[in-house]
Amino acid sequence: MRPALFALLALALAGCAELRQPPPAARIPAVLGAGSADPLRDAVGQAALAYADGGRSLNNDPAAMARAAAQVEMLTAEFMRDLRWAPLPAGVVFELRGARVEGRAALGIRAGADPDEVVRALAAAHVALARGDREAAEAALSPALFEPGGAGTMAFLSRPGPLPQGRIATSLARDEVDRLARSRVGGLTGALDPQAGWVNPEPGRGLGIGPR
């Protein structure tokens, strides 16, 4: 077997092994979807619903805005680093990265902030707001991640303004994740049957998966 072909086959098999594993739930706060059997699929569906009107319904609802922004941050990071998502078209991550930039500008999230830290902070703010504890929510919004942080960032969460890229990115991600689930990639929780279809690299799209 040619070395290049062997390496390609090894990469494909490694991708299959990753697809059999459950999502890294330790990185996903339960409030963002980790409490379900398929947390990332649930999260993308929830985010698409939240952003369906381009962010209008998120105005004056800081708890919902914190959760939706956290989901965009989380989905962007997970789709980029988790090999189970390699079959998604590259355009999904491209659009989500645009939504992340849009959201960070709207909420004053520092450009270089670590996505996992941002996710945890926004998730904590959402939980605090949901139980009516505004002081705890402001404390979760550290100036190290958010400018200005605290009450100033809370004001941004209440009035984020239009978020058209959030609508585009999350609706695309939802549609592609649903398509991927229908192609029998184990519902994206890891039950990929190696006999169910083929795995083939596609230029610009990662690993293509389809019926046998």
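The legends below describe an overview and close-up views of a predicted model.

**Figure 1. Overview of the helices and strands of the protein.** The protein contains eight helices and two strands. Read from the N terminus, the order of elements is α-α-α-α-α-α-α-α-β-β. Of the 212 residues in the protein, 47% are buried. Among contacts with a sequence separation of 6 or more, 67% are between residues 24 or more positions apart.

**Figure 2. Close-up of helix α3 against helix α5.** Two packed helices are described by the angle between their axes and the distance between the axes. Here α3 covers residues 62-81 and α5 covers residues 115-130, and their axes come within 8 Å of each other. The crossing angle is roughly 155°. Angles over 145 degrees count as roughly antiparallel, and α3 and α5 are therefore roughly antiparallel to each other. The crossing of α3 past α5 is left-handed.

**Figure 3. Residues in the contact of α3 with α5.** On the α3 side the contact is made by Pro62, Ala63, Ala64, Ala66, Arg67, Ala69, Ala70, Glu73, Met74, Ala77 and Arg81. They meet Pro115, Asp116, Val118, Val119, Leu122, Ala123, His126, Leu129 and Ala130 of α5. Sorted by class, this contact of α3 with α5 holds 15 nonpolar, one polar and four charged residues.

**Figure 4. Helix α5 and its buried residues.** The 16 residues of α5 reach 22 Å from the first C-alpha to the last, close to the 22 Å expected at 1.5 Å a residue. Buried positions in α5 are Asp116, Val118, Val119, Ala121, Leu122, Ala123, Ala125, His126, Ala128 and Leu129. Packed against these buried residues are α3, α4 (90-107), α6 (134-140) and α7 (150-158). An α-helix has 3.6 residues a turn, so residues three or four places apart point the same way.

**Figure 5. Helix α4 and what covers its buried residues.** With 18 residues at 1.5 Å a residue, α4 should span 26 Å, and the 26 Å between its end C-alpha atoms agrees. Val92, Val93, Leu96, Ala99, Arg100, Glu102, Gly103, Arg104, Ala106 and Leu107 are buried in α4. Their cover includes α3, α5, α7 and α8 (164-182). After α4 comes Gly108, which has a positive phi near 75°.

Figure 6. Ser158 lies in helix α7. The cut-off for a buried residue is under 20% relative accessible area, so Ser158 counts as buried at 13% relative accessibility.

**Figure 7. Backbone geometry at Asn60 and at the Glu147 to Pro148 bond.** Most residues other than glycine have a negative phi, and most peptide bonds are trans. Asn60 is not a glycine, yet its phi is positive, about 65°. The relative accessible area of Asn60 is 65%, over the 50% cut-off, so Asn60 counts as exposed. The peptide bond joining Glu147 and Pro148 is cis, with omega about 10°. Pro148 is located in the loop between α6 and α7.

Technical notes:
Residues numbered from 1 in each chain as written. Predicted model: local features only at pLDDT ≥ 70, side-chain atom pairs only at ≥ 80, totals over all residues. Heavy atoms only, no water. Axes fitted to C-alpha atoms, helices over the stretch in contact; angles between N-to-C directions. Helix = DSSP H or I, 4+ residues; strand = E, 2+ residues; numbered from the N terminus. Parallel < 35°, antiparallel > 145°, perpendicular 65-115°, else oblique. Left-handed = near helix turned anticlockwise from the far one by under 90°. Contact = heavy atoms within 4.5 Å. Nonpolar A, V, L, I, M, F, W, Y, C, P; charged D, E, K, R; others polar. Expected span 1.5 Å × (residues − 1). Buried < 20%, exposed > 50% of the residue type's maximum accessible area, 1.4 Å probe, protein only.
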